[in-house]
Amino acid sequence: MANKPRVMEAIGTLVQVFHEHASKHKESESGGQFTLSKAELKEIAKEEMGLDSVKDSAKLDELMKELDDDLDGQVNFKEYLEWVTNAASAANNFLETYLGGFSFN
Ligand SMILES: [Ca+2]
C-alpha cells in the first residue's frame, strides 16, 4: 500500500480533531457542533495540544480571549487554524534557532 501524502494526512488529522471536539458536548453547552465552547477548548488544548496549563481557569480564559477573534465566545475552525498555525510557526522558529545544523534526513 502506498503511503498517504504526509501533509494531506496532517490536514485530515487537524480537521478531524477539530470536529471530534466541536461536536462532543450538547448543543446547549457548546453553542454549536461546528465551534469549540470553552469546555471543548479546554479538552482540545489538554488532549491534543498538550497544554496542561488550561486546568487553571484563568489560563483557559486567557486562551479563549486570545483565540476568539470575532468575540462570539466560541472558537470556530478559522480561529483554531490560526492557533495551530502559530504553534507550527513556533516549532519552526525553535528548529531554526536552536537546531541550525539539524537535518531530518
Ligand atoms: Ca469566535
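Helices (H or I, at least four residues) and strands (E, at least two) are DSSP runs, numbered from the N terminus. The model is a predicted one, where local features need pLDDT of at least 70, side-chain atom pairs count only at pLDDT 80 or more, and totals for chains, interfaces and linings use all residues. Residues are numbered from 1 along each chain as its sequence is written.

**Exercise 1.** Work out which elements the protein chain has, and in what order they run.

*Solution.* Start with the tally: 5 helices and 0 strands. Then read from the N terminus on, and you get α-α-α-α-α.

**Exercise 2.** Find the residues of the largest nonpolar core and the elements behind them.

*Solution.* First, the terms. A residue is buried if 20 or more other C-beta atoms lie within 10 Å of its own, exposed if 12 or fewer, and partly exposed in between, with C-beta atoms placed from the backbone. A nonpolar core is a set of buried Ala, Val, Leu, Ile, Met, Phe, Trp, Tyr and Cys residues joined through C-beta atoms within 7 Å.

Next, list the members: F18, A22, L36, L41, I44, A45, V54, L63, M64, V75 and Y80, 11 residues in all. Two or more of them come from each of α1 (6-22), α3 (38-49) and α4 (57-67). Here α3 gives the most, with 3 residues.

**Exercise 3.** Describe how α3 packs against α1.

*Solution.* Axes are lines fitted to C-alpha atoms, for helices over the stretch in contact, and angles run from 0 to 180 degrees between N-to-C directions. The α1 and α3 axes are 9 Å apart, at an angle of about 140 degrees. So α1 is oblique to α3, given that angles under 35 degrees count as roughly parallel, over 145 as roughly antiparallel, 65 to 115 as roughly perpendicular and the rest as oblique.

Now the residues, where contact means C-beta atoms, placed from the backbone, within 7 Å. V17, H21 and A22 of α1 meet E40, E43, I44 and E48 of α3.

**Exercise 4.** Which residues does Y80 contact, leaving aside its neighbours within four places in sequence?

*Solution.* Y80 is in contact with F18, L36 and V75. Now check the core list: Y80, F18, L36 and V75 are among its members.

Notes
Two residues are in contact if their C-beta atoms, placed from the backbone, lie within 7 Å.
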